Amino acid sequence: MLAQTKTGVASELQPIAIDAQGWCTQALVRPSPNFGPRPDAVEISLLVIHNISLPVGEYRQDHVSALFQNRLNCDAHPDFASLRGLQVSSHFLIRRDGQLLQYVSCLQRAWHAGVSELFGRQGCNDFSIGIELEGCDTEPFEAAQYQGLTMLTTALLQRYPITHIAGHSEIASGRKTDPGPCFDWSSFLATLPGWEYRDN
Ligand SMILES: [Zn+2]
């Protein structure tokens, strides 16, 4: 079985795990200040899949981590102007080569979903974990990313009472489009025993 090394690159080691403090033991940790406490007694019941790249479709730089750590130079690219002053984060990022990064403990509330709703329940950041795939809406994701996503999701399902996995576009309909039409939901969910794709 594939797993993550300590440097976050997929290799044939043990399956990944989430520790009691909500950190993935094999992820590269890049702490973000953009988080807060979850509401009391809330259960982590939702996984939200996103895509992100800065600029869109460019993967060589470290701009996503810079954004999540409030150190992005917003003058570096014209597309970044709209990001000035924005404070956002995600729990995880899976880069194109499968490298896994973590910014916020799963026990904390990361700021990835924004205005959102799942089956009438608002504020999905309260009860969800956010996973960003480095990518965009118009380009297929890499096999290494699907492998990493399956391993991470498997570890999260073992640790938390997750009942739904949704795209950002499903919980922020009309506002967000990610992970986009290139994300292969049915193949991804087929790797998770007991899960299946349903087009709600
Ligand atoms: Zn998103």
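Q: Which residues touch the most other members of the largest nonpolar core?
A: In this predicted model, the largest nonpolar core has 44 residues, and L47, V48, F92, I131 and L152 touch the most other members.

Q: Which elements each supply at least two residues of this core?
A: They are β5, α1, β6, β7, β11, α2 and β12.

Q: Take L152: what is it in contact with, leaving aside its neighbours within four places in sequence?
A: L152 is in contact with I16, C24, F92, L100 and I131. L152 is also one of the buried residues of α2.

Q: Which other residues of α2 are buried?
A: Besides L152, the buried residues of the helix are Q145, G148, L149, M151, T153, A155 and L156.

Q: How many bridges join β5 to β11?
A: Seven bridges join β5 to β11 (residues 128-134), and the two strands run parallel. Within this pairing, L46 has S128 as its bridge partner, and N51 has L133.

Q: And on β12, how many bridges are there with β5?
A: Strand β12 (residues 164-167) pairs with β5 over four bridges, in the parallel sense. There, the bridge partner of V48 is A166.

Q: How many residues of β5 are buried?
A: Strand β5 (residues 46-52) is mostly covered, with seven of its seven residues buried.

Q: Which residues sit on each face of β5?
A: One side carries L46, V48, H50 and I52, and the other carries L47, I49 and N51. Both faces are covered, and these residues are all buried.

Q: Stepping back, how many helices and strands does the protein have?
A: The secondary structure comes to four helices and 12 strands. The radius of gyration is 16 Å, close to the 16 Å that the globule rule gives for 200 residues, so the protein is as compact as a globular protein of that length.

Q: What does the C-alpha trace span along its principal axes?
A: The trace spans about 45 × 40 × 35 Å. Of the 200 residues in the protein, 39% are buried.

Q: What share of the contacts between residues at least 6 apart in sequence join residues at least 24 apart?
A: That share is 67%.

Q: On to the loops: where is Q26, and why does it count as buried?
A: Q26 is in the loop between β2 (10-11) and β3 (28-29). Q26 counts as buried because 26 other C-beta atoms lie within 10 Å, and the threshold is 20 or more.

Q: How far apart are Q26 and P15?
A: Q26 and P15 are 11 residues apart in sequence, and 9.1 Å apart in space, C-alpha to C-alpha.

Q: What is the peptide bond from L54 to P55, cis or trans?
A: The bond from L54 to P55 is cis, with omega near -15°. P55 is in the loop between β5 and α1 (63-68).

Q: And what about D178 and P179?
A: A cis peptide bond joins D178 and P179, with omega about 10°. P179 is in the loop between α3 (168-171) and α4 (185-190).

Q: What about phi at A41?
A: A41 has a positive phi of about 65°, although it is not a glycine. A41 lies in the loop between β4 (35-37) and β5.

Q: Is A41 buried or exposed?
A: A41 is exposed, with 5 other C-beta atoms within 10 Å.

Q: And F119, what is its phi?
A: F119 has a positive phi of about 50°, and it is not a glycine. F119 lies in the loop between β9 (117-118) and β10 (121-122). F119 counts as exposed, because it has 9 C-beta neighbours inside 10 Å.

Definitions and conventions
Residues are numbered from 1 along each chain as its sequence is written. This is a predicted model: local features need pLDDT of at least 70, side-chain atom pairs count only at pLDDT 80 or more; totals for chains, interfaces and linings use all residues. A residue is buried if 20 or more other C-beta atoms lie within 10 Å of its own, exposed if 12 or fewer, and partly exposed in between; C-beta atoms are placed from the backbone. Two strands pair if DSSP finds at least two bridges between them. The radius of gyration is taken over C-alpha atoms; the globule rule is 2.2 Å times the number of residues to the power 0.38. Two residues are in contact if their C-beta atoms, placed from the backbone, lie within 7 Å. A nonpolar core is a set of buried Ala, Val, Leu, Ile, Met, Phe, Trp, Tyr and Cys residues joined through C-beta atoms within 7 Å.
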